[in-house]
Amino acid sequence: MLFRSVTFKTVKVDGLTIFYREAGDPSKPTILLLHGFPSSSHMYRDLINDLSFGYHLIAPDYPGFGESSHPSVTVYKYTFEQLSTTIEHFIDQLQIKKLSLYMQDYGGPVGFRIAARRPQLIQSLIVQNANAYKEGLGPEVKPLFNYMENPNSETEKGARTLLHIDATKWQYTDGATDLSKISPDSYNTDQRYLDRPGNDQVQLALFRDYGSNVQLYDQWHAYFRKFQPATLVISGKKDKIFIAAGSEAFKRDNPNAQISLLDGGHFVLEEKHQEAAHIIHQFLSRQKR
């Protein structure tokens, strides 16, 4: 039986409809792919195809993102803690007992929370342009941090620039080695979701909560030191949001972490998904030995 074709599914979690992409043979090792801002599981479309020959891949959309439920901020509490709880319940709903956790951008604070709470669930961590160290915070996070630390009408203006198409496109194109390989479908799809009525309030709520992630860095480091999870970092080394110093820092608490930086930016998979898939397959193959 062939399992490689991607299917598009939904499941009810905490009263919400969670959309997810699934591919591969369920009897193979599971990789859960957690997307970042301002994207959705769409960002993993190529990597899912690249890896579906030997893995079971699941990529959900968070509440307020992509094709999942989009409750207002008065109905759902948009914090990283709540997103992680919903995704943890999603994992349980699908009866997944072991998984490798792939995290990009927002996927980091969602996934690291789950890993620290459920270390027995984790077979390995794959980190792509996600951050757990202060030295990884690049210059382009300043508008977000200004708003997070002092939310007012003036700092909100700066934060709102991150919701515009120019900023969305920049995240995909900055640091790219060949712009002809960056599909406009990517940033235009993200922007369509960002521009939905009420989504600005969803994103601003998460911007204000971002400091909760930084406050947990020490706890995540303690998890890395205690459990030494098999860890692969494949970030785009030209990222100005989460800079390369943060990628290298994973070895401080987990000396066996593999750092294999790719030549690209924040959404490096747009260009280098095949290279990433090759590195991931080699890494995961070693974990089976």
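I took a cavity to be a set of points, on a 1 Å grid over the protein atoms alone, where a 1.4 Å probe fits but cannot get out. Grid points are joined across faces, edges and corners, and a volume is the space filled by probe spheres set on the points. The model is predicted, so I kept local features at pLDDT of at least 70 and side-chain atom pairs at pLDDT 80 or more, while totals for chains, interfaces and linings use all residues. Residues are numbered from 1 along each chain as its sequence is written, and side-chain values use heavy atoms, with hydrogens and water left out.

**Cavity.** I found 1 cavity of 30 Å³ or more. The largest cavity holds about 50 Å³ of space. I listed its lining, meaning residues with an atom within 4 Å of a point; among them are Gln-171, Tyr-172, Asp-174, Ile-182, His-266, Phe-267 and Glu-271. The lining has 5 nonpolar, 4 polar and 2 charged residues, where Ala, Val, Leu, Ile, Met, Phe, Trp, Tyr, Cys and Pro count as nonpolar, Asp, Glu, Lys and Arg as charged, and the others, Gly among them, as polar.

**Strand 4.** I used DSSP runs for strands (E, at least two residues), numbered from the N terminus. Buried means under 20% relative accessible area with a 1.4 Å probe, protein chains only. In strand 4 (residues 56-60), 5 of the 5 residues are buried, so the strand is largely enclosed by the rest of the structure. His-56, Ile-58 and Pro-60 point one way, and Leu-57 and Ala-59 the other way. In a regular strand the side chains alternate between the two faces of the sheet.

I then looked up the partners, counting two strands as paired if DSSP finds at least two bridges between them. Strand 2 (residues 16-23) pairs with strand 4 in the antiparallel sense over 4 bridges, and Ala-23 stands opposite Leu-57. Strand 3 (residues 30-34) pairs with strand 4 in the parallel sense over 3 bridges, with Leu-32 opposite Ile-58.

**Rings.** I paired rings of Phe, Tyr and Trp (its six-membered ring) if their centres lie within 6.5 Å, calling planes under 30 degrees apart stacked, over 60 edge-to-face and the rest tilted. The count comes to 23 aromatic pairs. Tyr-62 and Phe-65 have ring centres 5.7 Å apart and planes at 85°, so this pair is edge-to-face. Tyr-62 is buried at 0% relative accessible area, and Phe-65 is buried at 2%. Ring pairs link both into a cluster with Phe-37, Phe-80, Tyr-106, Phe-145, Phe-207 and Tyr-210.

Conventions
Buried means under 20% relative accessible area, exposed over 50%, partly exposed in between (1.4 Å probe, protein chains only). On a 1 Å grid over the protein atoms alone, a cavity is a set of points where a 1.4 Å probe fits but cannot get out, and a pocket is an open set with protein on both sides within 12 Å along at least five of seven lines; lining residues have an atom within 4 Å of a point.
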